[in-house]
Amino acid sequence: MSQENLDATADQPDDHGLARARELVNAAAHVLVFTGAGMSAECGIPTFRGAGGLWNRFRAEDLATPTAFARDPRLVWEWYGWRRGLVTSSRPGRAHAAVAERAARGGLTVVTQNVDGLHERSARDRGVPPHHTIALHGSLFRTRCTDCGNVEWDESTVDSSGEETLPRCELCGSLLRPDIVWFGEALDPELLERAFRSAREADVCIVVGTSARVEPAASIPRVTRAGGRAVIEINPESTSVSSRERLAFRGGAEDWLPRLLE
Ligand code: OAD
Ligand code: ZN
């Protein structure tokens, strides 16, 4: 489906546009849902950019880089411990449910930049196998040893009261770090390859709640578009994705995704 055949306009999503988008999604053998922080905003988890965004209040250079961790691991763990706590006390919302329900019927892959695990939780509740979610930026609930590289799931509360209380590797005793991709670090090449393959194979890519400012993830919708397939955006604000798409729905994920996927 080429862009010229689509009916809605970016600033005037109407019932006809929604009907057209639903038709595309229903007809698709492979749907890719590509998500960012806005996907979880209505679950009470703050986004990074835009109104109320974390990067307005905190500096990424102090909290989300290897240099920051080497300089002050306690501060970095305090931040990730706080975010882990926020997510632990929240639950997947209606938007996650809509995605997981369609995934349970088959033919849907999620590629997410989110580290909150809410897609995975929602999918697990519906018996969807874990590989349907590709979490490009890691997980708040995984640690990685700074020395031996051992990776473990960890949902515990982080004690960041001092450097001596920070989590340590059970194999070698070295300091653990969050298993999250920080600025300046490479993404897991295997996950990235799977994500781009999904983008190439998708009949439609639904982009939800991302400012599309962080590469290489931000290129994913472009790959689907380059193959002549439809890209649909859900975001209350306009982004570099919406400027190219005619099927851009302005509003929250919980409002639009269930209507699109039901
Ligand atoms: P951003 O915070 O950059 O963008 C969030 C987007 O969500 C914005 O475009 C908002 O307009 C939109 N939004 C807000 N509320 C929404 C709602 N209720 N429904 C739908 N959309 C909504 O988040 P990302 O694009 O995910 O990196 O940021 C990319 C990466 O930068 C993140 O993965 C993170 C960050 O630094 C790591 O954690 C490694
Ligand atoms: Zn170790």
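**Notebook: zinc site, pocket and core**

I began with the metal. The zinc ion (ligand 2) is coordinated by the SG atoms of Cys145, Cys148, Cys169 and Cys172, at 2.3 to 2.4 Å. I note here that this is a predicted model.

Next I looked up the spacing of these donors. Along the chain, the donors of the zinc ion (ligand 2) follow C-x2-C-x20-C-x2-C.

What is the arrangement of the 4 donor atoms around the zinc ion (ligand 2)? I looked at the angles. They run from 99 to 121°, so the arrangement is tetrahedral. The rule asks that all angles lie between 85 and 135 degrees. For comparison, the ideal angle for four tetrahedral donors is 109.5 degrees.

Is Cys145 buried or exposed? Cys145 has 4% relative accessibility, so it counts as buried. The cut-off for buried is under 20%. Cys148 has a relative accessible area of 41%, so Cys148 is partly exposed.

**Second largest pocket**

I moved on to the second largest pocket. Its space comes to about 700 Å³. I looked up its lining and found 33 residues. Closest to the centre are Glu120, Ala135, Ser139, Arg142 and Trp153.

Which elements give two or more residues to this lining? I listed helix H7 (118-125), strand E3 (133-135), strand E4 (138-145), strand E6 (176-180) and helix H8 (189-201). E4 gives the most, with 5 residues. I also sorted the lining by residue type. It divides into 14 nonpolar, 7 polar and 12 charged residues.

**Largest nonpolar core**

The core came next. The largest nonpolar core has 29 residues. Which residues have the most contacts inside it? I found Ile206 and Leu257.

The helices are H1 (15-27), H6 (94-105) and H10 (253-261). The strands are E1 (31-35), E2 (108-112), E7 (204-208) and E8 (230-234). H10 gives the most to this core, with 5 residues.

**Ala27**

My last entry is on one residue of helix H1, Ala27. Is Ala27 buried or exposed? Its relative accessible area is 68%, so Ala27 is exposed. The cut-off for exposed is over 50%.

I also looked up how Ala27 and Ala218 are placed. They are 191 residues apart in sequence. In space, Ala27 and Ala218 are 25 Å apart, C-alpha to C-alpha.

How values were computed. Residues numbered from 1 in each chain as written. Chains lettered and ligands numbered in written order. Predicted model: local features only at pLDDT ≥ 70, side-chain atom pairs only at ≥ 80, totals over all residues. Heavy atoms only, no water. Donors = N, O, S within 2.8 Å, 3.2 Å for Na, K, Ca; no water. Tetrahedral: all angles 85-135°; square planar, octahedral: opposite > 155°, others 65-115°. Buried < 20%, exposed > 50% of the residue type's maximum accessible area, 1.4 Å probe, protein only. 1 Å grid on protein atoms, 1.4 Å probe; cavity = no way out; pocket = protein on both sides within 12 Å on 5 of 7 lines; lining within 4 Å. Points joined across faces, edges and corners; volume = space filled by probe spheres on them. Helix = DSSP H or I, 4+ residues; strand = E, 2+ residues; numbered from the N terminus. Nonpolar A, V, L, I, M, F, W, Y, C, P; charged D, E, K, R; others polar. Core = buried A, V, L, I, M, F, W, Y, C linked by side-chain atoms within 4.5 Å.
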